[in-house]
Amino acid sequence: MTEERVLLVDDAGHGIGTAAKADVHTEATPLHLAFSSYVFDADGRFLISRRALTKKTWPGVWTNSCCGHPAPGEPIEDAVRRRLSAELGLTAAELTLVLPGFRYRAVMPDGIVENELCPVFRVRADTEPVPNPAEVDSVEWVEWGPFVADVRAGRREISPWAVLQFDELDALGPDPLAWPAGDPARLPAAVR
């Protein structure tokens, strides 16, 4: 099996090297490229996933549908499709960039850091997920508006990056299926 590598980037999003994914998340995680995706069905329900308990970062935490890292040289849209298939057994019927410039840094209670330039995609899927237990503990379809309200009111816990993404996604409008596409020119330089 080939070692999975992530693309290290500078503050402007230019590639500056690679690192083994297995080794990159530490107390001093370098800035690297990732993505988040938000899967919706035709009725506008949002798919949340609970990370596998064996994950190095945020094990067992509920989060957006699917996250991952594009491989060096891999188009980011292809990486989203690859991880949707690997984690959830889903094929994207539609894939739309919505937050091209999202960036965050979060620290776990044990000191492990996430430090990512993390473009966000809206995905529409027409089939039910089949979670890969090595990646996803469980999934749940929820209504977007009530779920976000529950997270903000402290009734539901979700990953720190998803909380930050909610603020930016909320600015796009209340109907996720009507969110406008983001400008691909605002993607990190390494994936433009």
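These legends walk through several views of one predicted model.

View 1. Residues are numbered from 1 along each chain as its sequence is written, and side-chain values use heavy atoms, with hydrogens and water left out. Because the model is predicted, local features need pLDDT of at least 70 and side-chain atom pairs count only at pLDDT 80 or more, while totals for chains, interfaces and linings use all residues. Helices (H or I, at least four residues) and strands (E, at least two) are DSSP runs, numbered from the N terminus. The C-alpha atoms fill a box of roughly 40 × 35 × 35 Å along the principal axes. Of the 192 residues, 50% count as buried, that is, under 20% relative accessible area with a 1.4 Å probe, protein chains only.

**View 2. Helix α2 and its buried face.** Helix α2 spans residues 76–88 and reaches 18 Å from its first C-alpha to its last, close to the 18 Å expected at 1.5 Å a residue; the expected span is 1.5 Å times one less than the number of residues. Look for Ile76, Ala79, Val80, Arg83, Leu84, Glu87 and Leu88, which are buried. Seen down the axis of α2, they fall within an arc of 135 degrees, so they line one face of the helix; the arc is that of the directions from the helix axis to the C-beta atoms. Their packing partners include β4 (35–40), β5 (45–51) and β12 (136–143). Gly89 follows α2, with a positive phi near 65 degrees.

**View 3. The largest nonpolar core, with 27 residues.** A nonpolar core is a set of buried Ala, Val, Leu, Ile, Met, Phe, Trp, Tyr and Cys residues joined through side-chain atoms within 4.5 Å. Among the residues with the most contacts inside this core are Tyr38, Phe46 and Trp144. β4, β5, β8, β9, α3 and α4 each supply at least two of its residues. Beyond its neighbours within four places in sequence, Tyr38 is in contact (heavy atoms within 4.5 Å) with residues including Phe46, Val120, Trp144, Phe166 and Leu169. A second, separate core of 25 residues includes Val9, Phe35, Leu84 and Phe121.

View 4. After α3 comes Gly154, whose phi is positive, near 80 degrees.
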